[in-house]
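Subject: Structure handover

Hello,

Here is the structure for you to look through. Please open it first, then read my notes below.

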Amino acid sequence: MPSIDQVARQYRSLCLSGIADYLEQLLSQVEASDSSYLQFADCLIRHEQQQRNSKRVEQSRRRAGFPLHKSLEEFDYRFQTTLSKREVNSLLDFGFIDNRDNVVFIGPPGVGKTHLAIGIGLKAIEAGYKVSFHTALGLMETLELAELKGELKKKINQLLKFDCLIIDELGYLPMNKQGMHNLFQLINALYEYRSIILTTNKAFTDWGEFFFDENVAVPIVDRIIHHSHIFMLGGESYRLKAKLNNSYQPGKVAQF
Ligand code: ADP
Ligand code: MG
């Protein structure tokens, strides 16, 4: 009779390491239950699938480059009342990614735009989509570098491999002419082909301010808002609320 180790090795040689790694446990479980042979066969393959799925999710999460872990479960809709949980949940069938639509969160600092973008991105990964997170500034630098090396097209093609690109905090800094041109190339390539989740502190009508040139701002905005779900967020800054809660004492001025 072969030993468990020998059988596990055979599974591993067939790239079934999900089964191989847990073979001993799976065998003890089945011995303790009164499962049929067929149920056991089914249990082995399900286990392999689960293991592969969690590895894939883990890899995709790492590849996405999120700066922080922010889940939708942690999001407090009692604090952020300008958006309902139902509105956010309606995005989680990921029809917007399948239809190559965009999602745009507009609002002042601290109202949860980045949190929502990351939370939705994480759920999309769990659902099997490939997501890539970038701050607008980081993305501009990446594109600029690629452009200097004559590799802008190559870089854009790499980004097009993701189903959904998160561009966080567009609008905090003005952009130069080349930056704008690079961004236009990217947005144009993504248009009706991939989804964007965009967060910005500026209403679309003010985009001319950071785009340096209205003539480029208009076609960029046009491509982003055509087929998009736009959420205007308002309310207080959550950061400020946390600070005030921690440091406010009657008669004392809070220090920031
Ligand atoms: P923005 O991108 O709009 O500037 P963030 O998403 O970065 O704001 O939010 C700032 C901080 O406050 C983050 O730590 C975020 O997790 C937290 N936060 C903001 N809004 C909420 C909320 N409604 N519920 C829970 N945490 C929130
Ligand atoms: Mg933000």
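A definition to start: a salt bridge is a side-chain nitrogen of Lys or Arg within 4 Å of a carboxyl oxygen of Asp or Glu. Side chains of opposite charge can pair when their charged atoms come close.

Some ground rules. This is a predicted model, where local features need pLDDT of at least 70, side-chain atom pairs count only at pLDDT 80 or more, and totals for chains, interfaces and linings use all residues. Residues are numbered from 1 along each chain as its sequence is written, chains are lettered from A and ligands numbered from 1 in the order in which they are written, and side-chain values use heavy atoms, with hydrogens and water left out.

**Salt bridges**

The structure holds 7 salt bridges. One of them joins E73 and K123, with the closest N and O atoms 2.6 Å apart. E73 sits in the loop between α3 and α4 (85–89), while K123 is in helix α6 (residues 113–126), so the pair ties together parts that are 50 residues apart in sequence. Helices here are DSSP runs of H or I with at least four residues, strands are runs of E with at least two, and both are numbered from the N terminus.

E73 counts as exposed, at 58% relative accessibility. The cut-offs: buried is under 20% relative accessible area, exposed is over 50%, and partly exposed is in between (1.4 Å probe, protein chains only).

E58 and R61 form another salt bridge, at 3.6 Å from N to O. Both lie in helix α3 (residues 37–64), 3 residues apart, or about one turn of the helix. E58 is partly exposed at 35%. R61 is partly exposed too, at 26%. A network of salt bridges links E58, R61 and E126.

D76 and R78 also meet in a salt bridge (3.3 Å, N to O). D76 is partly exposed, at 21% relative accessibility. R78 is exposed, at 74%.

**The whole chain**

The protein chain has 12 helices and 5 strands. Its radius of gyration, taken over C-alpha atoms, is 24 Å, well over the 18 Å that the globule rule gives for 256 residues, so the chain is more spread out than a compact globule. That rule is 2.2 Å times the number of residues to the power 0.38. The C-alpha trace spans about 75 × 60 × 30 Å along its principal axes. Of the 256 residues, 40% count as buried.

Best wishes
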